[in-house]
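Here is a friendly walk through a protein model. Please take a look at the picture and keep it beside you as you read.

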Amino acid sequence: MRRAWPHRLLLLIYLALVVAGTMIHDPLVLCGAALVVILSAGTGVGSLVKRAILAALPFVLAVSLGYLVVARHQLDQAGAVLVPLNLRVLLLTLLAFRILPRINLQQALGFSRTLRFVLILATSQVLTFRRLFTDFQQALAARSARRIGLLAALRHGAATSAWFLARAEHDATEMTQALEARGYFLDHT
Amino acid sequence: MHIPDGFISPVVYGPAFGLAGVLWTAGLRKLQRALDPAAIPRLAVATASAFALMLISVPLPGGTTVHVSGVGMIAVLFGVWHGFLALSLVFLLQALMFGDGGITAFPVNALAVGLCGSLAAVTVFRLLKNRRLAPALFCAGWMGTVVPAVLVALVLGAQPLLGQAADGRPLYFPFGWEITMPAVVIPHLLVGIADGVLTVLAWRILASKETH
């Protein structure tokens, strides 16, 4: 319990800052807040800014370019819409990359025993599945002399999906047996 | 859908968090009360499966690739509640652990993709499965992608109406339905086909493994 509260507090602060950030529309305030977050990163400024820009860029670029095309005859209005919007997205993405790595999700969301338990199991499985997915992709690339076509991609996708779903069933059974053996279900009845 | 923070107005994400919160609580209570001891491990592995399925990409003409959603597959195999909770957990992990999409888009995604996508997929599957299995699976995969796309397009297109300055300029996502509906829904009609084909093929592979 003592270990959990700093993570919960940090998550609450993050959520409060996100809510506040979505309600600010003044470009100067948004710019100032983004600068404060950037400067707070100390020596990690470059990495923070790079990660935030890379994460938000595809969506932001598509929306901004699209809006510039739609509002090409009213560039003043386009600027009044896009400048605060892009600054707000930048500020909120910077906040996410600045604060979230410091939060242990299992601790922060541990107010529900079931939720915490599911999160621990799911996170461990997600990390394993992600690694296995990369292995499968590399295996396909290594065995393909030419560019992978639609049919090959669909077959590979289907085989990968089936493998993950079969593995999921197997892992669920294994986990249940392990939990039963450790008396988890006795504690919860 | 990987929508960063800042595009969705508090008028939308606030109530969405409230509604999703009620449904998450109901879903978790349902799991706790379930007599099946595998309910919780099953949710965890359904989450991991949903996460893994969302990594699978299919090439499109023109050199681009699209990611399938796997919503139909997860919902048909695990049911609506497990699908909703598993996909919600995926979006939570993506937003808070991997930086994919914002926390303000999380409840919208959970409701549109997790709940409505799963519900549409399972409903269509149940209606069609007694006639022929393959079309039922294909339609479940397709609906699990297209229904959430329509809902997300509706939510995004409503932003200029719900969040605007005194002079009428949009404060959040700036495009209305006339742009979001074709821009979001048309690509997902194609992604839905890939999702449908994948659902059928994956089901066949699983079925052939079970018979051996």
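This is a predicted model: local features need pLDDT of at least 70, side-chain atom pairs count only at pLDDT 80 or more; totals for chains, interfaces and linings use all residues.

Let us begin with chain B. Its secondary structure comes to seven helices and two strands. Read from the N terminus, the elements follow the order α-α-β-β-α-α-α-α-α. The radius of gyration of chain B is 18 Å, close to the 17 Å from the globule rule for 212 residues, so chain B is as compact as a globular protein of that length.

Now turn to chain A. Here the count is eight helices and zero strands, and the order from the N terminus reads α-α-α-α-α-α-α-α. A compact globule of 189 residues would have a radius of gyration near 16 Å, but chain A has 23 Å.

The table sets out some values for each chain.

| Chain | Span of the C-alpha trace along the principal axes | Buried residues |
|---|---|---|
| chain A | about 65 × 55 × 30 Å | 26% of 189 residues |
| chain B | about 65 × 45 × 30 Å | 59% of 212 residues |

In chain B, the share is 69%.

**Where the chains touch**

A:T22 shows what a residue can have around it. A:T22 sits in helix α1 (residues 5–23) of chain A. Is A:T22 buried or exposed? With 24 other C-beta atoms within 10 Å, A:T22 is buried. Leaving out residues up to four places away in sequence, A:T22 touches A:R88 as well as B:D5, B:G6, B:P10 and B:T104. Within chain A, A:T22 and A:L85 are 63 residues apart in sequence, while their C-alpha atoms are 9.5 Å apart in space.

**A residue in chain B**

B:A16 belongs to helix α1 (residues 10–33) of chain B. B:A16 is buried because 21 other C-beta atoms lie within 10 Å, and the cut-off for a buried residue is 20 or more. Which residues does B:A16 touch, not counting residues up to four places away in sequence? They are B:P107, B:V108 and B:L111. B:V108 is 92 residues from B:A16 along the chain, yet their C-alpha atoms are separated by 6.1 Å.

**A pair of helices**

Two packed helices are described by the angle and the distance between their axes. In chain B, helix α3 (residues 71–78) and helix α4 (residues 80–96) have axes that come within 7 Å and cross at roughly 135°. The two helices are therefore oblique to each other, and the crossing of α3(B) and α4(B) is right-handed.

Which residues meet there? From α3(B) come B:V71, B:I74, B:A75 and B:F78, and from α4(B) come B:V80, B:H82, B:G83, B:A86 and B:L87. The residues of this contact divide into seven nonpolar, two polar and no charged.

Terms used:
Residues are numbered from 1 along each chain as its sequence is written. Chains are lettered from A and ligands numbered from 1 in the order in which they are written. Axes are lines fitted to C-alpha atoms, for helices over the stretch in contact, and angles run from 0 to 180 degrees between N-to-C directions. Helices (H or I, at least four residues) and strands (E, at least two) are DSSP runs, numbered from the N terminus. Angles under 35 degrees count as roughly parallel, over 145 as roughly antiparallel, 65 to 115 as roughly perpendicular and the rest as oblique. A crossing is left-handed if the near helix is turned anticlockwise from the far one by less than a right angle, and right-handed if clockwise. Two residues are in contact if their C-beta atoms, placed from the backbone, lie within 7 Å. Ala, Val, Leu, Ile, Met, Phe, Trp, Tyr, Cys and Pro count as nonpolar, Asp, Glu, Lys and Arg as charged, and the others, Gly among them, as polar. A residue is buried if 20 or more other C-beta atoms lie within 10 Å of its own, exposed if 12 or fewer, and partly exposed in between; C-beta atoms are placed from the backbone. The radius of gyration is taken over C-alpha atoms; the globule rule is 2.2 Å times the number of residues to the power 0.38.
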